[in-house]
Amino acid sequence: MTSFIVSNWDSILFVLLAITALIFLYRRGAKKKVFEILFYLVTVAEEEFGGGTGQLKFAAVTTWIYERLPAITKLLFTAKQIDNMIEDVVERMKEYLESNSKARVLIMDK
C-alpha cells in the first residue's frame with residue numbers, strides 16, 4: 001500500500017485537489033441559490049407575520065429553508081452559517097424595501 005501511494009503521489013494529490021475544487025465550486029453556487037431562496041422566504045415571513053415578530057419570522061424562515069434545501073446542501077452549510085445567511089438576507093431585504101416603494105407597499109403596508 002505504501003509503495004502504491006509513494007509511486008502515485010502526484011495522481012493522488014491531483015485527485016484530492018480536483019475533489020476539493022469541485023466541492024468549493026458547488027458550495028459557492030449553492031450559497032447563491034440559498035441566498036435567493038432565503039430572500040423570498042424572508043419577504044414571505046415579513047408579509048405574513050408583520051413587524052415586531054422577529055423571533056417568530058426567524059423561526060419560520062429557518063423551518064422553511066430546511067424543508068426546501070436538498071440533502072447535499074444541508075451537508076455543506078452548518079446551522080450557524082444558515083443563521084448568518086438569514087441575518088444577511090434580512091438586511092438586504094430592508095435595504096431593498098427602502099429603495100423600492102412598490103415592493104414596500106406589497107410587503108409592509110398590507
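**Core, pocket and aromatic pairs**

The largest nonpolar core of this predicted model has 23 residues, and those with the most contacts inside it are V34, L38, V61, W64, F77 and I82. A nonpolar core is here a set of buried Ala, Val, Leu, Ile, Met, Phe, Trp, Tyr and Cys residues joined through side-chain atoms within 4.5 Å. Helices α2, α3, α5 and α6 (101-107) are the elements that give two or more residues to this core. The most is given by α2, with 8 residues. Helices (H or I, at least four residues) and strands (E, at least two) are DSSP runs, numbered from the N terminus.

Because the model is predicted, local features need pLDDT of at least 70 and side-chain atom pairs count only at pLDDT 80 or more, while totals for chains, interfaces and linings use all residues. Residues are numbered from 1 along each chain as its sequence is written, and side-chain values use heavy atoms, with hydrogens and water left out.

V34, one of the core residues named above, touches L69, T73, F77, I82 and M85, not counting residues up to four places away in sequence. Contact means heavy atoms within 4.5 Å.

The description now turns to empty space. Rolling a probe the size of a water molecule over the atoms shows where such space is left. The work is done on a 1 Å grid over the protein atoms alone: a cavity is a set of points where a 1.4 Å probe fits but cannot get out, whereas a pocket is an open set with protein on both sides within 12 Å along at least five of seven lines, and lining residues have an atom within 4 Å of a point. Grid points are joined across faces, edges and corners, and a volume is the space filled by probe spheres set on the points.

The largest pocket has a volume of about 160 Å³. Its lining consists of V42, A45, E46, G54, K57, F58, V61, I86, V90, M93 and K94. At least two lining residues come from each of α2 (9-49), α3 (54-68) and α5 (79-99). By class, 7 of the lining residues are nonpolar, 1 is polar and 3 are charged; Ala, Val, Leu, Ile, Met, Phe, Trp, Tyr, Cys and Pro count as nonpolar, Asp, Glu, Lys and Arg as charged, and the others, Gly among them, as polar.

Two of these lining residues may be followed further. K57 has its place in helix α3 and counts as buried because its relative accessibility is 13%. Buried means under 20% relative accessible area, exposed over 50%, and partly exposed in between (1.4 Å probe, protein chains only). K57 touches A45, E46, F49, G50 and G51, leaving aside residues up to four places away in sequence. I86 is placed in helix α5 and is likewise buried, at 2% relative accessibility. With the same exclusion, I86 touches L38, F58, V61 and T62.

The aromatic rings come next. Rings of Phe, Tyr and Trp (its six-membered ring) pair if their centres lie within 6.5 Å; planes under 30 degrees apart count as stacked, over 60 as edge-to-face and the rest as tilted. By this rule there are 2 aromatic pairs. F39 and Y96 form an edge-to-face pair, 5.9 Å centre to centre with 80° between the planes. This pair links distant parts of the chain, with F39 in helix α2 and Y96 in helix α5, 57 residues apart. F39 is buried at 17% relative accessible area, whereas Y96 is partly exposed at 38%. F49 and W64 form a stacked pair, 6.4 Å centre to centre with 20° between the planes. F49 lies in helix α2 and W64 in helix α3, 15 residues apart.
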